[in-house]
Amino acid sequence: MTDRTSYRERHNRMHDLILRGGTLHDGFGSPGRTADVAIGGGRVTATGRDLGRAARVVDVDGLVVAPGFVDPHSHSDTVPFMAGAQPFKLWQGVTTEIVGNCGFSCGPATPESAGFTPEVLSEHTFATFGGYLDAVEREGTTNNLAVLVGHNTLRTAACGMDAALRPGALARMTELAEEAFAAGACGLSSGLEYVPGAYAATGELIALARAARRRNLVYATHLRSESEGLADALDEALEVATAAGIRLQVSHCKASGRAVHGSSAMLLDKLAAARVRGVDVRADVYPYRAFCTGLVALLPPAACEGGEAELVRRLADPDARRALRALAEDPRRTTGVGLWREAHPEDVHLLRHASAAVTGRRLADVLDGRDPWDALCDLLIADPHADGVFHTMHDDDVTRIMRHPLVSIGSDGGPPGGPNHPRTYGTFPTFLGAYVRERGIVPMAEAIRKAGSATAAQFGLADRGWLGRGAVADVCVFDPEAIRHDGTYDEPATRPAGVVHVLLGGRMVIDGGEFTGGRHGRLLRGGQA
């Protein structure tokens with residue numbers, strides 16, 4: 001339907017830009033329709049036909065015109081501090097990313113806690129969360145960023161790497177969280193398979209989630225288990241959301257490890273039942289069967305208590321090493337045991353390690369006569385910051401999760417460069433090409449909703465993720481027959497194909513498939529448009 005303005009108003013109006021003749025998808029799941037999109041002053045001014053004149057008219061016949069994609073789960077926190085503009089997400093059609101995920105953000109960090117920051121963030125830690133936001137604004141960002149404050153980061157600032165809370169630590173964490181929310185955090189994240197978040201009791205999470213709820217923000221969680229403890233871990237997340245009355249985003253949903261293949265049905269049933277009970281829960285997934293994280297996550301969290309030096313000491317002690325293995329393999333335990341049971345040695349691709357002799361190889365190929373557990377411990381002694389790609393998921397689970405209406409698409413990608421996972425460079429083109437066009441997992445209209453409004457609404461981005469009069473003019477124009485990503489696990493850094501134009505706030509930043517240069521994104525404080 002054409003916007004309700006008179007013919008004379010439409011005919012006489014001078015727009016900044018008109019995208020003419022494309023298949024318009026509004027981002028809410030409505031069927032696509034042939035329509036023009038007019039843009040002025042950074043917003044969509046009209047949709048329909050015969051919209052008047054424009055300073056520039058772009059013919060997009062045969063192309064899909066969609067809201068710019070919103071990535072709910074990214075680790076691009078430090079990308080603004082990289083040299084030069086970084087258009088790797090714009091080439092995917094992503095105009096907004098939510099960072100600060102899995103419980104880790106670039107602040108607040110004390111001199112003590114900064115040393116425990118994950119390597120991907122470690123060069124850019126800030127004493128306050130607001131200091132990080134200010135630094136991003138000074139540097140500029142190539143696409144829009146909204147930022148969660150991380151529970152792991154808050155806990156480390158208040159309690160170091162101690163498992164037990166120090167006196168007054170929870171009050172201090174809450175104070176730091178409230179400062180972050182006041183500065184512009186769009187919510188709270190947790191990463192409960194990582195330390196020190198793994199040490200937290202449920203009540204600690206509820207207290208922090210209630211602080212976020214007071215500002216109507218969101219709680220995003222990497223569950224305490226995505227494998228044998230998946231059901232209990234999801235129940236815990238729903239308990240936190242219910243007790244705090246907060247919107248819940250379940251990050252990178254998966255059923256990881258051969259023992260739980262098929263458990264995606266249970267996961268989705270729990271999400272749907274929670275919605276019926278009134279819990280405002282959604283989730284995200286990436287279109288890959290392998291995840292990427294630090295090798296240390298294979299160990300029980302107890303291995304890391306006290307920090308890196310204590311980790312290395314334990315792994316070098318034969319008795320401590322055996323005790324950790326017994327914990328990791330204890331059949332009575334399904335959480336707090338690390339990811340060891342999820343991944344067989346042939347599933348573990350060593351992505352980064354201080355030793356070039358093992359980098360790029362599978363754990364099964366570097367045993368040199370050792371037991372796999374001992375080989376893992378030796379690798380971590382040599383490089384506690386090593387990471388890997390873990391091939392632990394089944395296609396049936398990935399696609400079942402991807403189809404579900406409560407699930408959006410998120411990358412879980414990090415900064416570009418170096419050894420990487422293809423999700424950093426190609427999540428959204430892979431979804432739209434391999435899964436939507438080639439496999440028909442969901443119709444195009446539903447696919448665009450999953451990449452747009454389904455995420456934007458959850459993170460308070462009311463004016464993004466949809467296309468219609470008044471929406472911010474973040475737009476992705478792509479060729480539905482050409483969109484794809486040819487990157488592989490061996491060569492992930494391949495530029496995707498099929499994204500023809502991308503607009504940020506009405507500015508053309510990808511034009512005819514080429515990046516126009518500059519940093520024209522915005523930092524979206526507090527989820528504001």
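Start by selecting Val348: it stands opposite Phe390 in strand S15. This is a predicted model, where local features need pLDDT of at least 70, side-chain atom pairs count only at pLDDT 80 or more, and totals for chains, interfaces and linings use all residues. Residues are numbered from 1 along each chain as its sequence is written, and side-chain values use heavy atoms, with hydrogens and water left out.

**Stop 1**

Four bridges join the two, and they run antiparallel. Strands here are DSSP runs (E, at least two residues), as are helices (H or I, at least four), numbered from the N terminus. Two strands pair if DSSP finds at least two bridges between them.

Now show the whole sheet. It is open, has three strands in the order S13-S15-S14, and its pairing is antiparallel. Strand S13 (290-294) and strand S14 (348-352) are the edges, each pairing on one side only. The twist averages 25° from one strand to the next.

**Stop 2: strand S1 and its partners**

Select strand S1 (residues 14-24). Which strand does S1 join through six bridges in the antiparallel sense? It is strand S2 (residues 33-40). There, Leu17 stands opposite Ile39 in S2.

Pick Arg20 to find Asp59 of S4 opposite.

Finish with strand S5 (residues 64-67). S1 and S5 pair in the parallel sense over two bridges. Leu24 has Val65 in S5 as its bridge partner.

**Stop 3: the eight-stranded sheet**

Show strands S6 to S12 together with S16. They form an open sheet of eight strands with parallel pairing, in the order S6-S7-S8-S9-S10-S11-S12-S16. At the edges are strand S6 (69-71) and strand S16 (407-409), each pairing on one side only. Neighbouring strands are turned by 25° against each other on average, direction ignored.

Zoom in on strand S10 (residues 218-222) and strand S11 (residues 247-250). They pair in the parallel sense over four bridges. Select Val218: its bridge partner in S11 is Arg247.

**Stop 4: helices across the sheet**

H6 lies across S10, S11 and strand S12 (281-285), running at about 160° to S11. Axes are lines fitted to C-alpha atoms, for helices over the stretch in contact, and angles run from 0 to 180 degrees between N-to-C directions.

H7 lies across S11, S12 and S16, at about 150° to S12.

What packs against H7 at an angle of about 20°? Helix H11 (residues 395-403) does, with the axes 9 Å apart. H7 and H11 are therefore roughly parallel; angles under 35 degrees count as roughly parallel, over 145 as roughly antiparallel, 65 to 115 as roughly perpendicular and the rest as oblique. Ser264, Ala265 and Leu268 in H7 meet Asp397, Arg400 and Ile401 in H11. Contact means heavy atoms within 4.5 Å.

**Stop 5: helices H3 and H4**

Select helix H3 and helix H4 (residues 169-183). Their axes come within 9 Å and cross at roughly 130°. H3 and H4 are therefore oblique to each other. From H3, His151, Leu154, Arg155, Ala157, Ala158 and Cys159 meet Ala169, Arg172, Met173, Leu176 and Ala177 of H4.

**Stop 6: a salt bridge**

The structure holds 37 salt bridges, each a side-chain nitrogen of Lys or Arg within 4 Å of a carboxyl oxygen of Asp or Glu.

**Stop 7: helices H9 and H10**

Last, select helix H9 (residues 318-328) and helix H10 (residues 372-382). The axes come within 11 Å and cross at roughly 120°. H9 and H10 are therefore oblique to each other. Show Arg321, Leu324, Arg325 and Ala328 of H9 with Trp373, Asp374, Cys377, Asp378 and Ile381 of H10: these residues make the contact.
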